[in-house]
Amino acid sequence: MEWTSQIRRGILELCILHLIEQKTRYGYDILHIFQQWGSLTITDGTIYPLLRRLQKENYIESYWQQSNSGPPRKYYRITPYGVKLMNEMTNEWESIVSAINDIKSGNYRGGKNG
């Protein structure tokens, strides 16, 4: 279903920005978090190119940190540009969800309630 993959791409970007805004994270940590929701499960082949693109566009930045349980990890943190984008995306998402809910409930001119 092509429309599902198009929706997921934008949603994943928004979710990643929110996760990184909450605290710095490394790629596998983000993958693990997304596994909690089947509809948001992603793979290495999805997350790392997305993180690289967000970094290239200056929405996130990265740094290496030594790990107690293996090799150093690349951590990501959000930039001020990333916070601005995240806020804009969140506002747009909330507006879309509100409109969909209104349509579903018939809460519009010409709908079942008016």
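Q: What should I know about the model before starting?
A: The model is predicted, so local features need pLDDT of at least 70 and side-chain atom pairs count only at pLDDT 80 or more, while totals for chains, interfaces and linings use all residues. Residues are numbered from 1 along each chain as its sequence is written, and side-chain values use heavy atoms, with hydrogens and water left out.

Q: At what angle do H1 and H2 pack?
A: Helix H1 (residues 2-22) and helix H2 (residues 27-34) pack at about 115°, and their axes are 11 Å apart. Helices here are DSSP runs of H or I with at least four residues, strands are E runs of at least two, and both are numbered from the N terminus. Axes are lines fitted to C-alpha atoms, for helices over the stretch in contact, and angles run from 0 to 180 degrees between N-to-C directions.

Q: Which residues meet there?
A: From H1, Leu12, Cys15, Ile16, Leu19 and Ile20 meet Ile30, Ile33 and Phe34 of H2; contact means heavy atoms within 4.5 Å.

Q: Switching to strands, how do S2 and S3 pair?
A: Strand S2 (residues 60-67) pairs with S3 in the antiparallel sense, over 7 bridges; pairing takes at least two DSSP bridges. The two strands form a hairpin with 2 residues between them.

Q: And what is the partner of Ile60 in S3?
A: Ile60 has Ile78 as its bridge partner.

Q: Where does Thr79 lie?
A: Thr79 is in the loop between strand S3 (70-78) and helix H4 (80-105).

Q: Buried or exposed?
A: Thr79 is buried, with a relative accessible area of 4%. Buried means under 20% relative accessible area, exposed over 50%, and partly exposed in between (1.4 Å probe, protein chains only).

Q: What is Thr79 in contact with?
A: Leaving aside neighbours within four places in sequence, Thr79 is in contact with Asn58, Tyr59, Ile60 and Glu61.
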